[in-house]
Amino acid sequence: MGASLLLAGCGGGADTDSGTGENALPGVDQYLNAPCPEAAVKPATDKEFTYWAMWTADEPQGKVLQKAFKCFQEKTGVKVNVQWLGRKAYTQNLVPALNTDAVPDLFDQDVSKVGAAIMTPGGTQSVDDVFAMKVGEGDKTVKDVLSPSSYDFPQNKDHEGHNFMVPYTVQSSAWWFNKDAAGDVQQPKTMDDLTALFDKAKADGKAAISQDGDIPFYNMYFFTQLAERYVGSGGLNKAASDKTGQLWKTDPGFLKAATETAKLPKYFIDGWDAAKFPQVQQRWADGDSRYLYVGTWAPSETREYLDKQGAGTKINYGSFQFPMPAGATHDTVEQMSIGFAVTKKAKHAEAAKAFIAYFLNKDILSGIPAVADNLVPRADLAVPDDLKQVKAAMDDTKKEHVLQYDGIDGIAGGKWQTDVFDPADTSLLKGELNPQQFVDQLAAKGADFWKNQS
């Protein structure tokens, strides 16, 4: 899995071929062998469609999808021609194909990446009609079963204001720890509370934080999480989109967030900036460090690693959110939706859209938590035990929802992040820039970046 992927692992979970691994989830065999639900929407003309998947066939998500394909064909007669292309499918395969007729009917990715790379150049079509389709549970429609926060936000609207993606997975991020090793860690209320946890880990002879420093968007987490609490939803995106770059300097929240961020790297595990993913994450799973900050795929990825080790090691997963830094006024929680989109040039859009509606049937979608240990945008499906604390934060009505990284990874097709943010962020974490220099560099390089955009 390359470091440039949107989701380095994105929940590559337990070995589910037999469901017998040390860390296998209990509902895997039950799900894979359950009968197929009926399809409410049956294509009138299409007998097949093509789908380019962001998963591989042997990943847990791939297994859930294969069951859905089999069931869809059984219930509608429509065959799914799938290519298992992995995380880079949208850039390596789909973007080059947009100017040809060799595009899939259906593809999936996270909403920021779809928006930046496929929707912006006009490569998607509206999926508004899918929300009115029945999912095969009486009169329930796609809109009825989905949580509005999973799809109804500005970054999921195309140039005409239509939805271009229908979600089937939602993700967030958190600080992860092993309850059996760290004890009953409570949600820290202040940054001092957080660093006290790190100091205790060091006093116990452990590294405090595992950080895979070769993955830029893992390095992004710290500053963006803290900044969002100062500037709120949309604040980071607005600054990154500012053609003058001056918003980085005029809003004091960014310097405050950078100052708090600069206090964390001294707690990072030795070698964090020289290792190759997932070495440092695996060191956390092995117990060399106490905390890990990544997405909600952490339990399934580390469970898979431990299973392959075969040593019988298990982790009793716990998590908590970043606390509110001093002076911050936005109690935020991040959410990222991964879902299906239909290409503008789709030859079999009818079948592709019918499949989306079918996949959101509870008997099909329940495989995402049961097999892949991930969260779904339906409130009535099970929440994996590992993810209950994160889900509680996402469901907290007092919290302000923010798209992951406030969507700055999708600006200018992702180029703003790679050209402007990543170099400054890496230098801040390595201590090569102080917080003021970091903010000044974002302002100056941001202005240069926008000047050079045609």
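Okay, let's start with a helix pair: H2 and H14 cross in a right-handed way. Keep in mind that this is a predicted model. H2 covers residues 60-76 and H14 covers residues 349-359, and their axes come within 11 Å, crossing at roughly 115°. Who's doing the touching? On the H2 side you've got Val 64, Leu 65, Ala 68, Phe 69, Cys 71, Phe 72 and Lys 75. H14 answers with Ala 351, Ala 354, Phe 355, Tyr 358 and Phe 359. Sort that contact by class and you get eleven nonpolar residues, one charged and no polar.

Strand E1, residues 48-53, and strand E2, residues 79-84, run parallel, with six bridges joining them.

Next up, a sheet. There are four strands here, in the order E6-E7-E5-E8, making an open sheet with mixed pairing. So which strands stand at the edges? Those are E6 (207-210) and E8 (317-320); each has a single partner strand, so one side of each has no neighbour in the sheet. On average, neighbouring strands in this sheet are turned by 30° against each other, direction ignored.

Now look at E5, residues 173-178, and E7, residues 289-295: they run antiparallel and are joined by four bridges. Ala 174 is the residue opposite Val 294 in E7. Packed on the sheet is helix H8, residues 216-231, which touches E5 and E7, and its direction makes about 85° with that of E7.

The axes of H8 and H11, residues 252-261, come within 8 Å and cross at roughly 140°. From H8, the residues involved are Phe 222, Phe 223, Leu 226, Ala 227, Tyr 230 and Val 231. Across from them in H11 are Gly 253, Phe 254, Lys 256, Ala 257, Ala 258, Glu 260 and Thr 261. By class, that contact of H8 with H11 comes out at nine nonpolar, two polar and two charged residues.

That's my tour, thanks.

Key: Residues numbered from 1 in each chain as written. Predicted model: local features only at pLDDT ≥ 70, side-chain atom pairs only at ≥ 80, totals over all residues. Heavy atoms only, no water. Axes fitted to C-alpha atoms, helices over the stretch in contact; angles between N-to-C directions. Helix = DSSP H or I, 4+ residues; strand = E, 2+ residues; numbered from the N terminus. Left-handed = near helix turned anticlockwise from the far one by under 90°. Contact = heavy atoms within 4.5 Å. Nonpolar A, V, L, I, M, F, W, Y, C, P; charged D, E, K, R; others polar. Pairing = 2+ DSSP bridges.
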